[in-house]
Amino acid sequence: MPLKTYRKKRDFKVTPEPEGHTGAARKKNARLIYVIQKHRASHLHYDFRLEWKGVLLSWAVPKGPSLDPSVKRLAMQVEDHPIEYAKFEGVIPEGEYGGGTVMLWDFGTWEPEQDDVEEAFRRGDFKFTLHGRKLKGSWVLVRTRGFGGSSGRSSWLLIKHRDQFASREDITETNAYSASTGRSLAQVARDGGGDVEKAATGDPAGRSRNRRK
Ligand code: MN
């Protein structure tokens, strides 16, 4: 039951996050989906999720992705999420697991670059191509030693490969808003009755200084 941990951490009477019961019927030949959710919880991070075998494999990336191939971004693997989570943008009530504001920062499809995905995971050297609204081209997740251990969380590094989509641009700053609705974190929080002040700390500095109360 791959979603057991996901469900155990959440009270679906309180959080608007999907329980994932519908099994998310997917067309046989549908492309695999990919999403990054910008999440202002106790700390700002970016949740990187790839559809695989009926769930979203998930990593929390504290600094978010970098388009610069010389930059390695820590990505902590977290519990699998239901496919329906890929549509979630909104407010998780304070006091709940992950309490805070979630923005659909990027979404699209992905494809593996290796024939045997399971083997690539096991080896801890997993290459893939993203077709997102923001992120495109070739990437790799490399598992590192240390961290995790008994907690069951493994730490990986998310790295951009050199291709025409590599860049020095800091895309988390230059393209900071929702790929779905165009909203800032503060706007998502305001619309969802969340903590606007807290959410705004995850928006680009200039914008949050000028925000309306
Ligand atoms: Mn998160």
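The largest nonpolar core of this predicted model holds 31 residues, and those with the most contacts inside it are F48, W59, F126, F128, L130, L135 and L141. A nonpolar core here is a set of buried Ala, Val, Leu, Ile, Met, Phe, Trp, Tyr and Cys residues joined through side-chain atoms within 4.5 Å. Buried means under 20% relative accessible area, exposed means over 50%, and partly exposed lies in between (1.4 Å probe, protein chains only). A second, separate core of eleven residues includes Y6, L56, A86 and I92. In soluble globular proteins, nonpolar side chains tend to be buried together.

Before going on, a word on how to read the numbers. Residues are numbered from 1 along each chain as its sequence is written, and side-chain values use heavy atoms, with hydrogens and water left out. Because this is a predicted model, local features need pLDDT of at least 70 and side-chain atom pairs count only at pLDDT 80 or more, while totals for chains, interfaces and linings use all residues.

Leaving aside neighbours within four places in sequence, F128 is in contact (heavy atoms within 4.5 Å) with F48, W110, E111, P112, E113, G137, S138, W139, V140, L141 and L158.

W139 sits in strand β8, and it counts as buried because its relative accessibility is 0%. Apart from neighbours within four places in sequence, its contacts include P65, S66, L67, F126, F128 and L158. L67 is 72 residues from W139 in sequence, yet their C-alpha atoms are 9.4 Å apart in space. A polar atom of the W139 side chain also lies 3.3 Å from the backbone oxygen of K136.

From there, follow the strands. Helices (H or I, at least four residues) and strands (E, at least two) are DSSP runs, numbered from the N terminus; the protein has six helices and nine strands. Two strands pair if DSSP finds at least two bridges between them. Strand β8 (residues 136–143) runs antiparallel to β9, joined by five bridges, with V142 bridged to L157. Strand β4 (residues 72–82) is also antiparallel to β9 and joined to it by five bridges; here A75 has W156 as its partner. Strand β9 (residues 155–160) is largely enclosed by the rest of the structure, because five of its six residues are buried.

Now turn to the metal. The manganese ion is coordinated by H39 (ND1), H45 (NE2) and D47 (OD), at 2.1 to 2.3 Å. Donors are N, O and S atoms within 2.8 Å of the metal (3.2 Å for Na, K and Ca); water is not among the atoms, so sites may look incomplete. Along the chain, the donors follow the spacing H-x5-H-x1-D.

H45 lies in strand β2 (residues 44–52) and counts as buried because its relative accessibility is 15%; D47 is buried too. The side chains of H45 and D47 make a polar contact at 3.1 Å. Such a contact is a pair of N or O atoms within 3.5 Å; within protein, one must be able to donate a hydrogen and the other to accept it, and residues adjacent in sequence count only if both atoms are side-chain atoms. Not counting residues up to four places away in sequence, H45 touches Q37, K38, H39, A60, V61 and P62.

Stepping back to the whole protein, buried residues make up 50% of its 213 residues.
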